[in-house]
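Thanks for making time, everyone.

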Amino acid sequence: MTLPKKHLFDLPEGVIYLDGNSLGPLPKGAVDSASRVIADEWGTELIRAWNTADWMTLPSRLGDLIAPLIGAPKGSVATGDTLSIKVYQALASALKRVPDRRVILSDSGNFPSDLYMAQGLIRTLDQAYELRTPAPEDVLEAITDEVAVVMITQVDYRSGGMHDMTAITEKAQSVGAVMIWDLAHSAGAVPVDMLGCNAEFAVGCTYKYLNGGPGAPAFIYARPDIIADVEPALAGWLGHDAPFAMDPEYRPAMSIERLRVGTPPILQLAVLEQALTAWEGVSMAELRAASIHLSETFIREVEARCPDLVLASPRHPAQRGSQVSFAFEHGYPAMQALIDHGVIGDFRAPDIMRFGFTPLYLDDADVLRACEIMEMIFQEALWRDPKYQVRSRVT
Ligand SMILES: *Cc1c(COP(=O)(O)O)cnc(C)c1O
């Protein structure tokens, strides 16, 4: 099962790309888009391009293209900055809404940067805030009436385990806490219904399943009914109601633009705009069915062919996002050997080999071929080669 979108991506010959969960591949029109913006807009129009090429509205226009992918209405998603910054922004704004409580609840499976941002914010506030990180399976129980904000990444970056957004949001709101979802591994991977789940905030990134390119800007969602009273902790001039009034006092925009901060990265946004065209006409339900089919095939084949690998993701597909992880003691060199043989996944310490399934540009034949190559690497223990033992900076 493939969605007829593979032709939209420029994948190198001989590579099976199972890492689109970490950095999406190059969309075919991206090079042209970027060169057009550089040569025709920046080069020719110079500063006039902020108006003539509509640069200033690009972040909001792209927010409106991301919105349907996460079940959000137009005007509820802003783009810009990096995900870490958006986590900080959402968390600081959420804490303001519950001034009498001091507990931030996340989970031990959350991505380190999300936890670090919370720790940094707590140190800045210096008001006895506390970050609690129970095991992912204990989150529901840990949501008590001491909790101010529940901040959870829906799909665990290591195991691929997926939280139930509706159940956790309901529990959080039933005790009076504010809910923030990190959709880093959800947007473009699984169906998300922000309005339906009713959470106040969501954040996510665009260089993973949305294929916006390395360093592509992040996004932040605020539920439409609260936008006008969200307090932006990062009060930049482009979140001001009238940036060019050059008012010395900050007064936030009445729209989602209040969650913008500074000058948008136009080149990167131009690439993202091109990448988002691949989603036209894609049904997230169909994409999810295709992703489950590919990942079930992969698990079945890997377990049959590579008995040394132990499934580290939930076995039931409904409990997984769009990635599959296997634990293996020598996972790092094994992944280097795989990459050397054209199957690109990645490694997460201490022993996780991670594979992403992205039906926009992956099909059955790719997955079966990847499994044959894996079988060969493990049967011949090719990963023992000393050249695969040397750790690079990025794993
Ligand atoms: C990928 C990822 C990040 C990365 O944040 P950046 O600021 O874009 O580097 C943060 N949080 C989660 C949950 C992620 O998956």
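This is a predicted model: local features need pLDDT of at least 70, side-chain atom pairs count only at pLDDT 80 or more; totals for chains, interfaces and linings use all residues.

Residues are numbered from 1 along each chain as its sequence is written, and side-chain values use heavy atoms, with hydrogens and water left out.

Okay, first stop: N21. Is N21 buried or exposed? Its relative accessibility is 0%, so N21 counts as buried. You'll find N21 in the loop between β1 (16-17) and α1 (30-45). When I say helix or strand, I mean DSSP runs numbered from the N terminus: H or I with at least four residues for helices, E with at least two for strands.

What is around N21? Contact here means heavy atoms within 4.5 Å. Skipping neighbours within four places in sequence, N21 touches H185, K208, Y209, Q323, R354, F355, G356 and T358. With G356 there's a polar pair too: a polar atom of the N21 side chain sits 3.5 Å from the backbone nitrogen of G356. A polar contact, by the way, is a pair of N or O atoms within 3.5 Å; within protein, one must be able to donate a hydrogen and the other to accept it, and residues adjacent in sequence count only if both atoms are side-chain atoms.

Next, another asparagine in a loop. N211 lies between β7 (201-204) and β8 (218-222), and N211 counts as buried because its relative accessibility is 1%. Its side chain has a polar atom 3.4 Å from the backbone oxygen of Y209. Now look at L26: in sequence N211 and L26 are 185 residues apart, but C-alpha to C-alpha they are 7.0 Å apart in space. Beyond four places in sequence, the contacts of N211 include F9, G24, P25, W279 and Y361.

Now the ligand. Which residues are around it? They are T82, L83, S84, F111, D114, T153, D182, A184, H185, Y207 and K208, where being near takes a heavy atom within 4 Å.

Let's go through some polar pairs. The S84 side chain has an N or O atom 2.6 Å from a ligand oxygen. For D114, a polar side-chain atom is 2.6 Å from a ligand nitrogen. And Y207 has a side-chain N or O atom 2.7 Å from an oxygen of the ligand. On its own the ligand would expose 390 Å², and the protein buries 86% of that; those areas are Shrake-Rupley values with a 1.4 Å probe.

Time for the strands. Strands pair if DSSP finds at least two bridges between them. Start with β10 (residues 323-327): five of its five residues are buried, so this strand is largely enclosed by the rest of the structure. Which way do they point? Q323, S325 and A327 go one way, V324 and F326 the other. In general, side chains in a regular strand alternate between the two faces of the sheet.

What does β10 pair with? β9 (residues 310-311) pairs with β10 in the antiparallel sense over two bridges, with L311 opposite F326. β13 also runs antiparallel to β10, joined by five bridges, and there A327 has I352 as its bridge partner.

Strand β2 (residues 77-80) is covered on both faces too, with V77 and T79 buried on one side and A78 and G80 on the other. β2 pairs antiparallel with β8 over four bridges, and V77 partners Y221.

Last stop, helix α11 (residues 331-340). Eight of its ten residues are buried, so α11 is largely enclosed by the rest of the structure. Those buried residues pack against β11 (343-344), β12 (346-348), β13 (352-356) and α12 (364-379). Just after the helix, G342 has a positive phi of about 95°.

For contrast, find E296 in helix α10 (residues 284-305). E296 counts as partly exposed because its relative accessibility is 32%. Outside four places in sequence, E296 contacts R315, P317 and R320.

Key. Buried means under 20% relative accessible area, exposed over 50%, partly exposed in between (1.4 Å probe, protein chains only).
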